[in-house]
Amino acid sequence: MSSDETRDERPSLDPPAPAEPRASELIGSALGAAARRAGLDPAQQASTGHVVWHAIGGWRGIIESVLPSLVFVITFTATQDPAAGTGNLPLSLALSVGVAALFTVVRLIWRSNASPALGGLIAAALAAGLALWTGRGEDNFLLGFFINGGYGTAFLVSAFIGWPIIGLAAGWLMGEATAWRADRRKRRTFFWLTLVWGLFFFTKLAVQLPFYLAGDVTTLGVLKIAMGLPLFAPLLAVTWLVVRACYPRTDAVSDAEDSGAR
């Protein structure tokens, strides 16, 4: 037997190549990391109110989320011409985008996390550009309809295919990855939570869309604000409470700390 053949028959000492991560693992890891950055960290001994308040950004997050839309609605309504049935669209959009830009600049000057304000600025600018292009004030809210529809679809589809988004996020946040799928109680809980979130987004669409079709900009703007943080925050609080209830407190904290150490 030749030396080449002998070498070929020797067992390889190289470590096996790591398995390619599955899509569910990548999505779950990203969702868990995003939730942790938002303040939903089980390793921190904090009350639900504190956690949710931190997740929505406190007073700054509320103001940055609400004020651009509020400025648009107030300006558009105040400048409305009864004869034409429309307000000063360019001025309303300019002030709205200007407020969002100001928030971004302030965050950059203070060297704080500018991502939330920058995301709001980009969304406000895109929505304003669409409204200016069509000349219809109600189109300033059209982008939000697509976002709500996209989120609602993603939540509902993930629930019905057996990989609910809430479960993916909770699994990685609590340090068990996708092991929750072996627990029937957790699977059922995450299914219903994800279903509720999907219905939340589609409910916003169902309520607001008739006013968009009617061209009622003022009512549409008020509904967007009222169905934003005032509904989002309580739903987030309930979700956080239910997820925490699925895990023993000591286990959730120790698993999360071990996951963070790794």
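Student: In which element is the place of Leu235?

Tutor: Helices are DSSP runs of H or I with at least four residues, strands are DSSP runs of E with at least two, and both are numbered from the N terminus. Leu235 has its place in helix H11. This is a predicted model, so local features need pLDDT of at least 70 and side-chain atom pairs count only at pLDDT 80 or more, while totals for chains, interfaces and linings use all residues. Residues are numbered from 1 along each chain as its sequence is written, and side-chain values use heavy atoms, with hydrogens and water left out.

Student: Is Leu235 buried or exposed?

Tutor: Relative accessible area decides this: buried means under 20%, exposed over 50%, and partly exposed in between (1.4 Å probe, protein chains only). With a relative accessible area of 15%, Leu235 is buried.

Student: Which residues is Leu235 in contact with, leaving aside its neighbours within four places in sequence?

Tutor: Contact means heavy atoms within 4.5 Å. By that rule Leu235 is in contact with Val196, Trp197 and Phe200, once neighbours within four places in sequence are left aside.

Student: At what angle do H9 and H11 pack?

Tutor: Axes are lines fitted to C-alpha atoms, for helices over the stretch in contact, and angles run from 0 to 180 degrees between N-to-C directions. Helix H9 (residues 184–213) packs on helix H11 (residues 229–245) at about 175°, and the axes are 11 Å apart. Angles under 35 degrees count as roughly parallel, over 145 as roughly antiparallel, 65 to 115 as roughly perpendicular, and the rest as oblique. H9 is therefore roughly antiparallel to H11.

Student: Which residues in H9 and H11 meet?

Tutor: On the H9 side they are Arg185, Thr189, Phe190, Leu193, Val196, Trp197 and Phe200; on the H11 side they are Leu231, Phe232, Leu235, Leu236, Thr239, Val242, Val243 and Ala245. The residues of this contact divide into 12 nonpolar, 2 polar and 1 charged. For that division, Ala, Val, Leu, Ile, Met, Phe, Trp, Tyr, Cys and Pro count as nonpolar, Asp, Glu, Lys and Arg as charged, and the others, Gly among them, as polar.

Student: Where is the place of Glu176, and what does its side chain make a polar contact with?

Tutor: A polar contact is a pair of N or O atoms within 3.5 Å; within protein, one must be able to donate a hydrogen and the other to accept it, and residues adjacent in sequence count only if both atoms are side-chain atoms. Glu176 sits in the loop between helix H8 (165–173) and H9. The side chain of Glu176 pairs in this way with the side chain of Lys186, at 3.4 Å. Outside four places in sequence, Glu176 touches Gly171, Lys186 and Tyr247.

Student: What is phi of Ala177 near?

Tutor: Phi of Ala177 is near 55°, a positive value in a residue other than glycine. Ala177 is in the loop between H8 and H9 and is partly exposed, with a relative accessible area of 24%.

Student: Which elements does the loop with Gly215 lie between?

Tutor: Gly215 lies between H9 and helix H10 (217–226). Gly215 is partly exposed at 33% relative accessible area, and its C-alpha atom is separated by 8.2 Å from that of Arg136, 79 residues away along the chain.

Student: How many helices and strands does the protein chain have?

Tutor: The protein chain has 12 helices and 0 strands. Buried residues make up 38% of its 262 residues. Of the contacts in the chain with a separation of 6 or more, 69% come from residues 24 or more positions apart.
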